[in-house]
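Me: I have a structure open and would like to go through it step by step. Could you start with a term that I will need?

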Amino acid sequence: MQMTVGEIVQACKGKLLCGDPKTVVTSVCIDSRKVSEGALFVPICGERSDGHQYIPSVLAAGAAATLTQEHTHAVGEAAWIRVPRTVEALQQIAAAYRDRFSIPLIGITGSVGKTTTKEMVALALSAKHRVMKTAGNFNSQIGLPLTLFQLEPYHTAAVVEMGMSEFGEMERLAAIARPTSAILTNIGVSHIENLHTKENIRAEKLHIADRFTCDSVLFLNGDDPLLQAVPDLPKGKKILYGTGEHAAYRAVDIRREGQSTVYTFLWPGGECPVHLPVLGKHNVLNSLAALAAADSLGVDPLAAAGQISLYTPPAMRQQVKRTGSLTILDDSYNSSPDSVQSSLDVLRGLAAQEGGRRVAVLADMLELGDQSQKAHFDMGIAAARMGVDWLIGVGPKAQAIAEAAKWAGIPLVHWCGETEEAVELLRSGLHPKDCVLVKGSRGMHTDRIVEGLLTDPNSR
C-alpha cells in the first residue's frame, strides 16, 4: 500500500501534531513487535495493555507515523496524528484505501464455514484473476481493515471474510469493505448469546448487502431454510446454491471416493464433474458457493472446478493427520453445534474407510448463552446417532455432552476437566486404526490434544 500522511489525516479527519504530510506510509501495523520501516502504527487500547505505551519504540524502529487518541502535543520527524478513537480511525483509513480499487470484492459471512469458503472462492477465481484474500481469519472490526491494506494495483479481484458477533458490527464492516457481491454460508447458533435468536443473526448478517449496487449478487445457501426465505434485496439480486432443485447452482450425484468427495456441478450454462480432496456435505456446499461466485465473475466453471480440486484445509480445520496407524481429524480451531455435526459426519466416513473405532473428543462450545446446556446435550445425542464408539467430553460445559452420550448408548464415555487429562486417557485407551475427532471452541485449546497425540512415543 501507499498513502501519504496527508491522505491519512484527511481520511480519518485527524489532526497532524507533527511531521510532514507528504511522508509516504507503506504499511499499517497494530503489533509493535512487527512494525516495519515506513509503517503507520495504530495503537489499540485493549483490556490488558494500551498500545500507546509502545509508540516510542515503534518510531525508533522506523515507523513513519502513528495515530494517537491520548496525546495533544508531539515533536519529531515522524508524523503523529491525533484522532478521537484509533480503531474508528483505522476503519476510516481502510475505507478510503479500499475506494481506490474498482475491482470486484466478494464478502463472505455465515455462522460456520467462512474460512473454508473464502479459500475455495479464492482458488476458483484464481483460474482467471489475481486474487487478494483474507489471511487466516482476519475478519473482525480490526482484522478486516488490516486485510484491505493488502490490496495492490495488480489485484483484479478480492475475497474477504466478514465476521460479526454483536448487533451493528456487519453494518460497519460493509461500510468499510463495500463488497460488490457476497456469500452467506448458513445461519447457526454461533454468537446467539449476544444476538438471542437465529432470525436476529440472519438479519444482522444480511447487512453485508448494505452497500450493494444494482449489479451486485448475494449468494445464499439454499439448503438452509432460513436463507431460502430471505426476501428480495433493495439493490442487487439473490441467487441460491445447494443440492435441491430450487438452486441455480446445484450439486447432484454426490459420493465419497476414498478421502475425497466427487459430484456433478450443474449451473445455468451446463454441467461438469467436481473433485474435492475433502469429505463432508458442508464442503460440497462451500465449493458450490465458490463455483457460483466464479461463474458470476466470468470464470470458466471447468477451470474453476480444476482449481478447487487443489484445495487443502487450513490449519486445525478438519485436517486429516496420521501417526502410526491412528487417524486424527484435527478440527480444533473452533466449535459450534452446526460444525460439530459436520465433523461427526466426516469422522463416520473416515472410520468406515480405516476400519477402526470412531472416537470423538468434544470440548466446550462457547458463546451459546441460554441455549448452552441443551446444545451440549444435543451434541451427545448426535454423536450416538453418528455411531461414535468412544466419546470424551472436555471442559465444564461438555459434561452435558458426556451425560447425553451415556444416555444415548455410546459404549464408552468419559469426561475430563482439562485437555491434559484427555491426552493421557487417549494415549492409554486408543487401538490401532482408530479414528479420532478433536473439536472444541478456540478458548478450550484442543489443539494441545492433537499435539499430544502426534508427539506420543507410543503412537500405534
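Predicted model: local features only at pLDDT ≥ 70, side-chain atom pairs only at ≥ 80, totals over all residues.

Me: How many salt bridges does a search of the whole structure find?

Reply: The search finds 19 salt bridges. One of them joins the side chains of Arg33 and Asp31, with 3.0 Å from N to O.

Me: Are Arg33 and Asp31 buried or exposed?

Reply: Arg33 counts as exposed, because its relative accessibility is 74%. Asp31 is buried, with a relative accessible area of 17%, and the cut-off for buried is under 20%.

Me: Which residue does Asp99 meet in a salt bridge?

Reply: Asp99 meets Arg178, and the distance from N to O is 3.6 Å. This pair links distant parts of the chain, as the two residues are 79 residues apart. Asp99 is in the loop between helix 3 (86–98) and strand 8 (105–109), while Arg178 is in the loop between helix 6 and strand 11 (181–184).

Me: And how accessible are Asp99 and Arg178?

Reply: Asp99 is partly exposed at 48% relative accessibility. Arg178 is partly exposed too, with a relative accessible area of 26%.

Me: What about Lys238 and Asp232?

Reply: Their side chains meet in a salt bridge of 3.9 Å, N to O. Lys238 is partly exposed, with a relative accessible area of 31%, whereas Asp232 counts as exposed at 63%.

Me: Which residues are linked in a network of salt bridges?

Reply: Such a network links Lys118, Glu119, Lys133 and Glu161.

Me: Let us change topic. How many aromatic pairs are there in the whole structure?

Reply: A search finds 6 aromatic pairs. One of these is formed by Tyr97 and Phe101, which are edge-to-face, with 5.2 Å between the centres and 65° between the planes.

Me: Why two numbers for a pair?

Reply: A pair of aromatic rings is described by the distance of the centres and the angle of the planes.

Me: Are Tyr97 and Phe101 buried or exposed?

Reply: Tyr97 counts as buried, at 2% relative accessibility. Phe101 is buried as well, with a relative accessible area of 14%.

Me: Please give me another aromatic pair.

Reply: Phe219 and Tyr249 form an edge-to-face pair, 6.5 Å centre to centre and with 70° between the planes. Phe219 lies in strand 12 (residues 217–221) and Tyr249 in strand 14 (residues 249–257), so this pair ties together parts that are 30 residues apart in sequence. Phe219 is buried at 1% relative accessibility, and Tyr249 is buried at 6%.

Me: Which residues do ring pairs link into a cluster?

Reply: The cluster consists of Phe219, Tyr249, Phe265 and Trp267.

Me: Where does Arg255 lie?

Reply: Arg255 lies in strand 14. It counts as partly exposed, at 38% relative accessibility. Arg255 and Leu279 are 24 residues apart in sequence, and their C-alpha atoms are 9.5 Å apart in space.

Me: One last topic, the surface. Which residues form a negative patch?

Reply: Glu166, Glu193, Glu367 and Asp370 form a negative surface patch. Among them, Glu166 is found in the loop between strand 10 (157–161) and helix 6 (169–177).

Me: What is the relative accessible area of Glu166?

Reply: The value is 41%, so Glu166 is partly exposed. Residues of a patch must have over 30% relative accessible area, and Glu166, at 41%, is a case of this.

Methods
Residues numbered from 1 in each chain as written. Heavy atoms only, no water. Patch = residues over 30% accessible without salt bridge, like charges linked within 9 Å, V, L, I, M, F, W, Y side chains within 5 Å. Areas by Shrake-Rupley, 256 points an atom, 1.4 Å probe, with all protein chains shown as cover. Salt bridge = Lys/Arg side-chain N within 4 Å of Asp/Glu carboxyl O. Lys, Arg positive; Asp, Glu negative; His and termini not counted. Charge placed at Lys NZ, Arg CZ, Asp CG, Glu CD. Helix = DSSP H or I, 4+ residues; strand = E, 2+ residues; numbered from the N terminus. Buried < 20%, exposed > 50% of the residue type's maximum accessible area, 1.4 Å probe, protein only. Phe/Tyr/Trp six-rings, centres within 6.5 Å; stacked < 30°, edge-to-face > 60°.
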